[in-house]
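Hello,

Here is the structure for you to look over. My notes follow below it.

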Amino acid sequence: MTGDRDRGGGQAGARLKDSRQDRLKLALRENLKRRKSQARGREDVASEPADGSLDHGSPDDAGGNEPGR
């Protein structure tokens, strides 16, 4: 009789272990996505100039380097 309970409990335990593994796998995947997104955000901030200006001038500006002028 105890053998029947042990086998049934083992199957339920295996299912619980599988569901836990699935939850952990999903949590790790979401964590990795979040960390990658944060790293991309840090790279974007690091590539901006210190004063925050991204204005490189227009090709039509008088001070531009246009050939022939």
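Glu30 and Lys33 both sit in helix α1 (residues 2-47), three residues apart, which is about one turn of the helix. Helices here are DSSP runs of H or I with at least four residues, strands are runs of E with at least two, and both are numbered from the N terminus. The protein chain has one helix and zero strands.

This is a predicted model, with local features needing pLDDT of at least 70, side-chain atom pairs counting only at pLDDT 80 or more, and totals for chains, interfaces and linings using all residues. Residues are numbered from 1 along each chain as its sequence is written, and side-chain values use heavy atoms, without hydrogens and water.

The side chains of Glu30 and Lys33 form a salt bridge at 3.8 Å, N to O (a side-chain nitrogen of Lys or Arg within 4 Å of a carboxyl oxygen of Asp or Glu). The structure holds one salt bridge.

Of the 69 residues of the protein chain, 0% count as buried (under 20% relative accessible area, with a 1.4 Å probe and protein chains only).

Regards

How values were computed:
Buried < 20%, exposed > 50% of the residue type's maximum accessible area, 1.4 Å probe, protein only.
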